[in-house]
Amino acid sequence: MPLPPCLFSRAATMPAHLVAKHLLLAAALVVVPPAPLQAAPMLPPAVAAVLQRERIPAEALSVVVEEVGAEANAGGANAAGSPPARSVRLRHQADRPLNPASLMKLLTTYAALDLLGPAWTWNTPVWLNGEVHDGVLDGSLIIQGRGDPKLVLERVWLLLRRVQQAGVREIRGDIVLDGSVFAPPRAAPGDFDNEPLRPYNVRADALLLNQKTVVYRFTPDTARQVAVVSADPVLAGAAVQAEVPLAAGACGDWRGALRARFEEPSNVRFEGRYAEACGERQWPVADQQPQTYAARLIAQMWEDAGGRLAGRVREGSAPTATPPSFEFASPPLAEVVRDINKYSNNVMAQQLFLTLGLERGGQGSPEAAREVLLRWLADRLRLPAAALHGLQLDNGSGLSRDTRLTAGLLSRMLQSAWRSPVMPDLVASLPATATDGTLRRSQAPAGRAHLKTGSLRDVAGVAGYVLGDSGRRYLVVAIVNHPNAAAARPAFDALVQWTLDDGPAGGPP
């Protein structure tokens, strides 16, 4: 009778005399009919109860819970890259490749902090391509995007303010926008889930301004029985219906009741009514013409700032032989990483992913970025090639049906991050339970865990760090791939609580 595979995996970490002892014991038992293999580990009862109630089989769950820090890694890892068994509290299907959804952002952000440094910034070059005299630029203003994900309205205004501080009030030529340093995959915003209006579906762009989003605000005016509609930002050539009739009754599906028409940004209108009970609401919408969003925004903001433009805003190329007149710096990377992880911002993660390709691989393409991440991962974790089996990288954000990652590999990465100089920045970027980000509604104790969340249709997960009652700290990785995955959140809360309940200070877990 062949020996169980689990015996070989355990033997890899056993002293030789214990291996021999276990082999002799197994040989003595071959005459006994084998017991049926268990389909699931001894999951914490509260976790198992949620899975059973929500009809999620244990086979759909991958989970690792183990102590973090130098002590948890004493003795090193075995040849397959698994952590030493004595530090593990729970490990189930840890080597099964699953879709991790936004847990993939942990890989992208840790790699970026490690490779670029927490204080690293994006620098957007700007050229005043001509002579400036008496407030007139006798030439063109050229802006080259290099991936800055934080060029939101306030910072675009500051960039244009820098141009005016250089003495420019009128541009006799054009405003030229160069976004050529990124080569993102050709795809439409609605390709992922047929929801092109959702801001999370905005695609990466080297010159990403305000994340290509417009926020529509609805403010009831009960005296006139209308809701006043405003748009922020206002884009050049855009017209938005000024008001909609108010309706009585509960708020309910207020967006559906408005019957919005966003197909033409030059003529946005609402054919329904707005419930007075809703109060003031905001509706962020990805612009329906993303390829021209930057040009329309810059044109309007330059005009709003009192600037004059004789030419037009257009795409073009930045000079290659002439240094820029100035560079506009982003906030530090550590701040950007907090936005990415706390709020699970997909387009910002994709910007960072392509930036890694550009800065460390020489090309702002997905192919270059994947090569950079794979090379970094193998080097940083000292992994043999076999340990990367099943890993599939797509766009760095987790907004993908093709991404695959194992809970075991993610746990190794979290162990590495805990020992790294960038640990404080990475941990600070994770949502804190019942406190902020995507975990503000968590039922787990406030602030006792810092966890990245992930969710797609049929996918749910959490990964990060938990402080136990004993003072020990643990990493937790849990991923569910199943049609009922959306119902797994209470199971994750139960897993976090079980991890917290590790006994009194100084006692055994």
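Predicted model: local features only at pLDDT ≥ 70, side-chain atom pairs only at ≥ 80, totals over all residues.

Trainee: Why does serine 344 count as buried?
Mentor: Buried means under 20% relative accessible area, exposed over 50%, partly exposed in between (1.4 Å probe, protein chains only). Serine 344 has 16% relative accessibility, so it counts as buried. Across the protein chain, 49% of the 509 residues count as buried.

Trainee: What makes the link between the side chains of serine 344 and lysine 105 a polar contact?
Mentor: A polar contact is a pair of N or O atoms within 3.5 Å; within protein, one must be able to donate a hydrogen and the other to accept it, and residues adjacent in sequence count only if both atoms are side-chain atoms. This pair comes out at 3.4 Å, so it passes the 3.5 Å limit. Serine 344 itself lies in the loop between helix 8 (333-342) and helix 9 (346-361).

Trainee: What is called a helix here?
Mentor: Helices (H or I, at least four residues) and strands (E, at least two) are DSSP runs, numbered from the N terminus. The protein chain has 13 helices and 19 strands.

Trainee: How do you know that the reach of helix 11 is close to what is expected?
Mentor: The expected span is 1.5 Å times one less than the number of residues. Helix 11 (residues 407-419) has 13 residues, for an expected 18 Å, and reaches 19 Å from its first C-alpha to its last. Helix 11 is also mostly covered, with eleven of its 13 residues buried.

Trainee: Which residues line the largest cavity?
Mentor: Among them are Leu43, Val63 and Phe492. A cavity is a set of points on a 1 Å grid over the protein atoms alone where a 1.4 Å probe fits but cannot get out, and lining residues have an atom within 4 Å of a point. Helix 13 gives the most to this lining, with three residues.

Definitions and conventions: Residues numbered from 1 in each chain as written. Heavy atoms only, no water. 1 Å grid on protein atoms, 1.4 Å probe; cavity = no way out; pocket = protein on both sides within 12 Å on 5 of 7 lines; lining within 4 Å.
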